[in-house]
Amino acid sequence: MATERTLSIIKPDATRRNLVGKIIAKLEDAGLRVVAMKRIHMTPAQAAAFYAVHKDRPFYQELVEQMSAAPVVVQVLEGENAIARNREVMGATNPAQAAEGTIRREFALSIGENSVHGSDSAETARQEIAFFFSETEIVG
Ligand code: ADP
Ligand code: MG
């Protein structure tokens with residue numbers, strides 16, 4: 001087992017409903033530590049760049065609009081197997097398929113407005129962390 005870092009985003013649907021604390025509590029209860037955090041309002045261009053990997057998917061435009069519609073909280077999470085651990089506590093992309101006790105099962109509104117983002121591999125974690133944070137902003 002290795003200590004890893006991963007990027008988490010608390011999405012606009014969750015910040016609007018004042019769920020930041022409840023979501024962070026679930027992450028911390030899963031053994032993840034917040035080692036960097038900020039609240040930002042992404043421009044459409046920033047959201048488009050962040051999700052560029054999905055640019056050919058039918059939901060891309062809607063995703064960019066939703067992610068730039070209200071503030072988000074971006075965080076670096078650290079812990080044993082943090083990338084997979086975060087994905088586990090997030091739950092499946094579609095909340096209807098998310099396991100009991102997961103963030104998406106409890107809080108997500110729909111497959112699009114699903115409350116949280118989490119990096120899906122070591123390589124994307126590195127890229128996504130660097131998209132929002134400089135090394136000096138991450139304090140483990
Ligand atoms: P995940 O966030 O679980 O890694 P993806 O990387 O596949 O999921 O998709 C990125 C985001 O795009 C999802 O979290 C969700 O907000 C949105 N999304 C994915 N699939 C759909 C869909 N079929 N319809 C609408 N939005 C979607
Ligand atoms: Mg993804």
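Modeller: Gladly! Buried means under 20% relative accessible area, exposed means over 50%, and partly exposed lies in between. Keep in mind that this is a predicted model.

Biologist: Is Lys38 buried, partly exposed or exposed?

Modeller: Lys38 has a relative accessible area of 25%, so it counts as partly exposed. Its side chain forms a salt bridge with Glu137, with the closest N and O atoms 3.6 Å apart. That pair links distant parts of the chain: Lys38 lies in strand S2 and Glu137 in the segment after H7, 99 residues apart. Glu137 is partly exposed, at 38%.

Biologist: How many salt bridges are there in the whole structure?

Modeller: A search finds eight. One of them joins Lys26 and Glu106, with N and O 3.1 Å apart. Here helix H2 holds Lys26 and helix H6 holds Glu106, 80 residues apart. Lys26 is buried at 18%, whereas Glu106 is partly exposed at 49%.

Biologist: And helices: which residues of H5 are buried?

Modeller: In helix H5, residues 82-90, they are Ala82, Ile83, Asn86, Val89 and Met90. These residues cover an arc of only 135 degrees around the axis, so they sit on the same side of H5. They pack against several elements, including strand S1 and helix H7.

Terms used
Residues numbered from 1 in each chain as written. Chains lettered and ligands numbered in written order. Predicted model: local features only at pLDDT ≥ 70, side-chain atom pairs only at ≥ 80, totals over all residues. Heavy atoms only, no water. Buried < 20%, exposed > 50% of the residue type's maximum accessible area, 1.4 Å probe, protein only. Helix = DSSP H or I, 4+ residues; strand = E, 2+ residues; numbered from the N terminus. Arc of directions from axis to C-beta. Contact = heavy atoms within 4.5 Å. Salt bridge = Lys/Arg side-chain N within 4 Å of Asp/Glu carboxyl O.
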